[in-house]
Amino acid sequence: MTLDEYQAAATQTASYRLDLMYALAKLTAEAGEALQLQCKQTYHDKPYDGADMIEELGDCMWYLALAAHKLGVTLDDIAAANIAKLRARHGDTYNAAHYTGEAA
């Protein structure tokens, strides 16, 4: 499944009444739920099942797909723009100097 195929399928399950603000708010909330799983494991010795994290990340992806749809862009558009930004910043590999201020 491509990102655009996912987006098309995901947005079919969304109410037409959902707006960009709702999608972004819920994206943040779902990301917090994913973070909470990891925090509990890291700091409270409460391991989680990998399926739990997949579910939370999937919820993030659903809201991201909805937000993109509301903006009139595709997930493929977002992915391509992000890779272009990263390549401009780092080249083809990670560039630690970008973050440390040291010469590459």
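User: Where does A29 lie, and is A29 buried, exposed or partly exposed?

Analyst: A29 lies in helix 2. Helices (H or I, at least four residues) and strands (E, at least two) are DSSP runs, numbered from the N terminus. The burial classes come from relative accessible area: buried is under 20%, exposed is over 50%, and partly exposed is in between (1.4 Å probe, protein chains only). A29 has a relative accessible area of 35%, so A29 is partly exposed. In sequence A29 is 29 residues from G58, and the two C-alpha atoms are 13 Å apart in space.

User: What sort of model is this, and how are residues numbered?

Analyst: This is a predicted model, in which local features need pLDDT of at least 70 and side-chain atom pairs count only at pLDDT 80 or more, while totals for chains, interfaces and linings use all residues. Residues are numbered from 1 along each chain as its sequence is written, and side-chain values use heavy atoms, with hydrogens and water left out.

User: How many residues does helix 2 have, and what does helix 2 reach from its first C-alpha to its last?

Analyst: The expected span of a helix is 1.5 Å times one less than its number of residues. Helix 2 (residues 20–44) has 25 residues and reaches 35 Å between its first and last C-alpha, close to the expected 36 Å. For helix 3 (50–71), the 22 residues should span 32 Å, and the end C-alpha atoms are 31 Å apart, which agrees. Helix 4 (residues 75–90) has 16 residues that should span 22 Å, and its end C-alpha atoms are 22 Å apart, again in agreement.

User: Which residues of helix 2 are buried, and what covers them?

Analyst: A general point first: an α-helix has 3.6 residues a turn, so residues three or four places apart point the same way. In helix 2 the buried residues are A23, E30, A34 and L37. Their cover includes helix 3, where contact means heavy atoms within 4.5 Å. Helix 3 has its own buried residues, namely M53, E56, C60, W62, Y63, A65, L66, A67 and A68. The cover of these includes helix 1, helix 2 and helix 4.

User: Which residues make up the largest nonpolar core?

Analyst: A nonpolar core is a set of buried Ala, Val, Leu, Ile, Met, Phe, Trp, Tyr and Cys residues joined through side-chain atoms within 4.5 Å. The largest one here has 12 residues: Y6, A10, A14, L18, A23, W62, Y63, A65, L66, A67, A68 and L75. Apart from neighbours within four places in sequence, A14 is in contact with W62 and L66.

User: At what angle do helix 1 and helix 3 pack, and how do helix 1 and helix 4 pack?

Analyst: Axes are lines fitted to C-alpha atoms, for helices over the stretch in contact, and angles run from 0 to 180 degrees between N-to-C directions. Under 35 degrees counts as roughly parallel, over 145 as roughly antiparallel, 65 to 115 as roughly perpendicular, and the rest as oblique. Helix 1 and helix 3 pack at about 85 degrees, with axes 9 Å apart, and are therefore roughly perpendicular. L3, Y6, Q7, A10 and T11 of helix 1 meet G58, M61, W62, A65, L66, A68 and H69 of helix 3. Helix 1 and helix 4 pack at about 140 degrees, with axes 7 Å apart, and are therefore oblique. Their contact is made by L3, D4, Y6 and Q7 of helix 1 and L75, D76 and A79 of helix 4.

User: Is Q7 buried or exposed?

Analyst: Q7, found in helix 1, is buried at a relative accessible area of 6%. Leaving aside neighbours within four places in sequence, Q7 is in contact with A65, A68, H69, V73, T74 and L75.

User: How many salt bridges does a search of the whole structure find?

Analyst: A salt bridge is a side-chain nitrogen of Lys or Arg within 4 Å of a carboxyl oxygen of Asp or Glu. The search finds 1. The side chains of R87 and D92 form a salt bridge at 3.7 Å, N to O, and both residues are exposed.
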